[in-house]
Amino acid sequence: MNIFRRAARTLRSTLSDILTTYRWKRILSRLNLQLLSTLKPRKVFTVTNGKSLFVLKLTTQQGLFFLRDWLPHVQAHFENQLVFPELVACGEFSREKNWALTTWIDGDSLASIFDDRDPDSSTWGGRGVTQHHLDIFFRALTALSTLSLGPNTLREPIVTDYVLSGPRLQQRIYSYVHRLSSRGLLHLDQLHLILHWCEPLLVEPSDKQLLFTNGDFQFRNLVVLNDDRVGIIDWDTARFSHFEIEHCITYQTILLWANLAAQTALIHRSRNLFDWDDRIMHAYCVFNVLGRMVSYSRNPQLCHHFGTLLANLLRGVSWEETIGAHI
């Protein structure tokens, strides 16, 4: 029976690959574009019309919404500090997915600092991060956090649908825990404890402003331009969030787990720049570690690492001590 199931999965995957390839070729042909390179298999490509470079990628309806309706709205606000991609064209890729063609932000990408791997293992985690990279990170994050959009300026569905807190975040936690438990990496009876530590995020705050946010703010998505401005790419998960600073800091610190000096510097500088509640930071650390466990569930070494972090967090060890930054 297992043999038939594996064969069926292989067949479905092969047919999906063929259909996906056909769809991309049809889109490129219709737009008179040529493929230059693949940035993410079957998802993100660099393309050209012979004169300029563009990014062609799969995206959600939410991603298209922010690219089309909100990035132009805030571009003028940051024109002297930040640069965003512009939407050139978009369309339906399938019933569940859309495609977007955006302008190429030409500059020095910070993605390469995460490609500095230990030659003797599969570990990674920002070994190449320097003080210069941290300067760029904080310059961009500080600038972005100055644009607070109050609920009175937004249409109600945006606020209720895209805020990463409250019921939406609780649904994400349920999804993470069930996926990890189905793979034997977590016990379902730990859900109650996880929700307990994440409780500060699950109640809508009354004293927090909504920030327009990237949703995946990290070094990989920052580009330094020749005029010293910073470009921010990859807006598929953009949203309005009450806790964007806390989310960015804990998420980024977790990604730097192989670089203790960078973790320590990031936390020190964050404390000087931003006012945060340690309960919320701890809660986001739990949430972000869960997300990393899902992302790397097929990598035994990384899964063990993030599993250890989660166990410490659930025991009540402070988030700073848990990630190894003893301050």
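The model is predicted: local features need pLDDT of at least 70, side-chain atom pairs count only at pLDDT 80 or more, and totals for chains, interfaces and linings use all residues. Residues are numbered from 1 along each chain as its sequence is written, and side-chain values use heavy atoms, with hydrogens and water left out. Helices (H or I, at least four residues) and strands (E, at least two) are DSSP runs numbered from the N terminus. Two strands pair if DSSP finds at least two bridges between them.

**Five-stranded sheet**

- An open sheet with antiparallel pairing has five strands in the order E1-E2-E3-E6-E5.
- Its edge strands, each pairing on one side only, are E1 (34-40) and E5.
- From one strand to the next the twist averages 20°; axes are lines fitted to C-alpha atoms, for helices over the stretch in contact, and angles run from 0 to 180 degrees between N-to-C directions.
- Five bridges hold the antiparallel pairing of E1 and E2, and Lys40 has Val44 in E2 as its bridge partner.
- Strand E5 (residues 87-92) and strand E6 (residues 98-103) run antiparallel and are joined by five bridges.
- E5 and E6 form a hairpin, with five residues between them; Gly91 stands opposite Trp99 in E6.
- Helix H2 (residues 61-75) lies across strand E3 (53-59), E5 and E6, and runs at about 30° to E6.

**Four-stranded sheet**

- The order E4-E10-E9-E7 describes an open sheet of four strands with mixed pairing.
- Strand E4 (82-83) and strand E7 (108-109) are the edge strands, each pairing on one side only.
- E7 pairs with strand E9 (residues 222-224) in the antiparallel sense over two bridges, and Asp108 stands opposite Val224 in E9.
- Helix H3 (residues 131-144) packs on this sheet and touches E4, E9 and strand E10 (230-232); contact means heavy atoms within 4.5 Å.
- The direction of H3 makes about 65° with that of E10.

**Aromatic pairs**

- Rings of Phe, Tyr and Trp (its six-membered ring) pair if their centres lie within 6.5 Å; planes under 30 degrees apart count as stacked, over 60 as edge-to-face and the rest as tilted.
- The count by this rule is 13 aromatic pairs.
- One of them, Trp24 with Phe45, is edge-to-face, at 4.9 Å centre to centre and 75° between the planes.
- This pair links distant parts of the chain, with Trp24 in helix H1 and Phe45 in strand E2 (residues 44-48), 21 residues apart.

**Second largest pocket**

- A pocket is an open set of points on a 1 Å grid over the protein atoms alone, where a 1.4 Å probe fits, with protein on both sides within 12 Å along at least five of seven lines; lining residues have an atom within 4 Å of a point.
- The second largest pocket has a volume of about 270 Å³, the volume being the space filled by probe spheres set on the points.
- Helix H1 (residues 2-30) supplies the largest share of its lining, four residues.
- Residues lining this pocket include Arg23, Pro41, Leu58, Phe93 and Lys97.
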